[in-house]
Amino acid sequence: MASLVGASVQSSYLRCPFLGDVNGIRVSGFSTPRAGGVVRKTVECKESRIGKQPITVPSSVTLTMDGQDFKVKGPLGELSISYPREILLEKEDAGVLRVRKAVETRRANQMHGLFRTLTDNMVVGVSKGFEKKLQLIGTGYRATIEGKDIVLNLGFSHPVRMTIPDGLQVKVEENTRITVSGYDKSAIGQFAASIRKWRPPEPYKGKGVKYADEIVRRKEGKAGKKK
């Protein structure tokens, strides 16, 4: 009788709402009594330092807001974005934008700084633009522009030909310096990364395609055998 009571008590403590049936035993949820009722812990979300910074909009930029959809148009182009329901965009006087949280949750706190940065990149992109510079290092490595293509000679048996996406401008200086510019920062970074991917810089002699501000950590070559 004692063993049956012990088994009954033990099975009651195995109940969990996330497990279901385990080894033929029905497992469900249970509550643990506490003094003074159920103890709830409140998670406090700190406000993002980046998210609370204002965005200054130049006079040459036109803004269009329709619910959670935002469109920005400037002298260099036009970009648009849709905000999640956790984020609100407010336009203040004197051409200032502020990105705010609609609710106080951890997810909203994580998105606050991200969408403030994306919004600022859009405003700067259509008004001033962005650029990314690359450098070719290696004997015989060179780049040229042919129509709407960039042609790379990177030591392969054949040249690499890449079509320049719409909205981007590519300039080559001294056959070894490439500048990718435009108004969409993400598109610039993606195309520059696709160029670099063909021949990333190797750590022994530094040959390859690298960003202009990239520091390549060098390694010592293997020493030859002593005679």
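Guide: This is a predicted model. Start with an open sheet of 3 strands, ordered E10-E11-E12 and paired in the antiparallel sense. Strand E10 (142-146) and strand E12 (160-163) are the edge strands, and each pairs on one side only. From one strand to the next, the twist averages 20°. In general, strands of a sheet pair through backbone hydrogen bonds.

Now take one pairing. Strand E11 covers residues 149-153, and its antiparallel pairing with E12 runs over 4 bridges. Look for Val 151 there: its bridge partner in E12 is Arg 161.

Next, the helix on the sheet. Helix H3 (residues 185-197) lies across E11 and E12. Its direction is at about 170° to E12.

Strand E6 (78-82), H2 and H3 are the elements that give two or more residues to its lining. The volume of this pocket is about 170 Å³. Among its lining residues are Leu 79, Ser 80 and Ile 81. Leu 118, Asn 121 and Met 122 line the pocket too, as do Tyr 183, Asp 184, Lys 185 and Ser 186.

Finish with H2. This helix spans residues 106-127, 22 residues in total. From first C-alpha to last, H2 reaches 33 Å, close to the 32 Å expected at 1.5 Å a residue. H2 has a kink of about 30°, centred on His 112. Just after H2 comes Gly 129, with a positive phi of about 90°.

Methods: Residues are numbered from 1 along each chain as its sequence is written. This is a predicted model: local features need pLDDT of at least 70, side-chain atom pairs count only at pLDDT 80 or more; totals for chains, interfaces and linings use all residues. Side-chain values use heavy atoms; hydrogens and water are left out. The expected span of a helix is 1.5 Å times one less than its number of residues. The bend at a residue is the angle between axes fitted to the seven residues ending there and the seven starting there. Two strands pair if DSSP finds at least two bridges between them. Axes are lines fitted to C-alpha atoms, for helices over the stretch in contact, and angles run from 0 to 180 degrees between N-to-C directions. Contact means heavy atoms within 4.5 Å. On a 1 Å grid over the protein atoms alone, a cavity is a set of points where a 1.4 Å probe fits but cannot get out, and a pocket is an open set with protein on both sides within 12 Å along at least five of seven lines; lining residues have an atom within 4 Å of a point. Grid points are joined across faces, edges and corners, and a volume is the space filled by probe spheres set on the points.
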